[in-house]
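Thanks for coming, everyone; please have a look at the structure as it comes up, and I will then walk through a few of its parts in turn.

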Amino acid sequence: MNALQRLRSAVESGMEEHPLVRVGGIVREVAPTHVRVSGLSSFVTLGERVGFEQASGTSIGEVVRIDAAGAVVKPFDERVSVGIGTPAFRIGPLALSPDRSWKGRVIDALGRPLDRPEPLAHGPRRMPLDAEPPPAMARGRVHRPLVTGVRAVDIFTPICEGQRIGIFAGSGVGKSTLLSMFARSAGFDTVVVALVGERGREVREFLEGPLAASRDRAVVIVSTSDQSPMMRRLAPQAALAVAEYFRDAGESVLLIVDSVTRYAHAARDVALAAGEPAVARGYAPSVFSTLPKLLERAGPGMEGEGAITGIFSVLVDGDDHNDPIADAIRGTLDGHIVLDRAIADQGRFPAINLLGSISRLAGEVWSEPERDLVRRLKAMIARFEDTSDLRLMGGYQPGADGELDQAVAIVPRIYDALRQDPGDPPSLAAFSDLAAALKA
């Protein structure tokens, strides 16, 4: 690209951000959840940004509803400080301009740096935050196995590059710890992490603790629990826009979203503010149509491009794995890993329920001997767990059932072999490690 072309690209990019002619309106109504603006309804579309001119600067919001009387705008700031008669103007759709120099940085959902005052470099390409997923028939196939380094996952629920898998767990069962163990995997060029609705105290602990070894190749998008629903809803979309930039550059990207449930909660708040009815446990209908669109953006890119391997954590309310959000997400993903509170209470971490977890692409990873071995191990574990009450009551007599005797002897050793702390080195050959533990 010569100098003239670069100048033209810069001018066009600047005009997108700061158009020469602004379409304006006036604030006519201010509510705790939204602002109504008149004079813009003929010029804006859903999802566009609107700016509000104030003495302290310009604040922005997003159009969530349009009718003949005006446009309903949901501000990104938690505190609505605009008043009646405040000038408002159209900015345009949301987009980011990621750059390779973003690796190692921490940003918010609007692309503003949070880690240090140094500004972010902007790439030449603008990535929309609500992009469409690649066409189904043009996407690459998912078949290349990945080694996560977590023995329980690599043996029982193996993952492929470009797969989307969910981690379903209640609060305090080790969900974030397992996500950090995935982030250590050496099979990815870039790691993009979206921390949605996290406690502010935990953000720095996560960055300087579990993610410290991967910080130089990670882009972290943070929206803490005290921020507005708009920012919490936007964080996963911003993370996907960044991941799509690196995917289109041919890189293998690991996308971690913690958690999709908090994204759904934020989307519910926005939908209710827009006037949608609540249909299932307070969730509006648009929430259930928004979730698949978000999740489908992860996965393989077009033929010849990279892939986004998506790890989505799902916080099940009250340990109810059939709650509407968990049910909707489970049907969209390519597998799920279930963390069990009873297993965590026994001190076994990661607290993965081996029988309740499944990878729909495991057949692309296992060899025939490995498939047969996993099938036999699961049958043995099922027999061991089904007879736990019988054994506790003293009804088990060694020698009466050979298969049960084998399960009682081997399953506790399997559980011990699968224990793994965040500080332990990643397992590079999970089946060999398991075999060595059982022989010992």
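Which residue of β4 does G51 stand opposite? It is I60 that G51 faces in β4. Before I go further, please keep in mind that this is a predicted model, in which local features need pLDDT of at least 70 and side-chain atom pairs count only at pLDDT 80 or more, while totals for chains, interfaces and linings use all residues. Residues are numbered from 1 along each chain as its sequence is written, and side-chain values use heavy atoms, with hydrogens and water left out.

Let me stay with the strands for a moment. When I speak of helices (H or I, at least four residues) and strands (E, at least two), I mean DSSP runs numbered from the N terminus. Strand β3, residues 48-54, and strand β4, residues 57-67, run antiparallel and are joined by 6 bridges; two strands are said to pair if DSSP finds at least two bridges between them. Both strands belong to a closed barrel of 6 strands with antiparallel pairing, in the order β1-β2-β5-β4-β3-β6. Neighbouring strands of this sheet are turned by 45 degrees against each other on average, direction ignored.

Next, the annotated part of the chain. The unreviewed UniProt entry carries the annotation "domain: AAA+ ATPase" for residues 161-344; such positions are given in the numbering used here, feature names are shortened, and annotations may be inferred rather than shown by experiment. The span of residues 161-344 is 41% helix and 24% strand, and its end C-alpha atoms lie 29 Å apart.

Axes here are lines fitted to C-alpha atoms, for helices over the stretch in contact, and angles run from 0 to 180 degrees between N-to-C directions. On the α5 side the contact (heavy atoms within 4.5 Å) includes P229, M230 and R232, and on the α6 side it includes R262, Y263 and A266. By class, the residues of this contact of α5 with α6 are 7 nonpolar, 1 polar and 4 charged, where Ala, Val, Leu, Ile, Met, Phe, Trp, Tyr, Cys and Pro count as nonpolar, Asp, Glu, Lys and Arg as charged, and the others, Gly among them, as polar.

Helix α6 also packs with α7, at an angle of about 135 degrees and with axes 10 Å apart, which makes α6 oblique to α7. Among the residues that meet there are V260, Y263 and A264 in α6 and S286, V287 and T290 in α7, and the contact has 8 nonpolar, 2 polar and 1 charged residues.

How do α10 and α12 lie relative to each other? The axes of α10 (residues 368-386) and α12 (residues 402-418) come within 9 Å and cross at roughly 105 degrees, and these helices, α10 and α12, are therefore roughly perpendicular to each other.

Finally, some backbone details in the loops. The peptide bond from D258 to S259 is cis, with omega near 5 degrees, and S259 sits in the loop between β15 (252-258) and α6. Another cis peptide bond joins F349 and P350, with omega about -5 degrees. R281, in the loop between α6 and α7 (285-296), has a positive phi of about 50 degrees although R281 is not a glycine.

Note on methods: Parallel < 35°, antiparallel > 145°, perpendicular 65-115°, else oblique.
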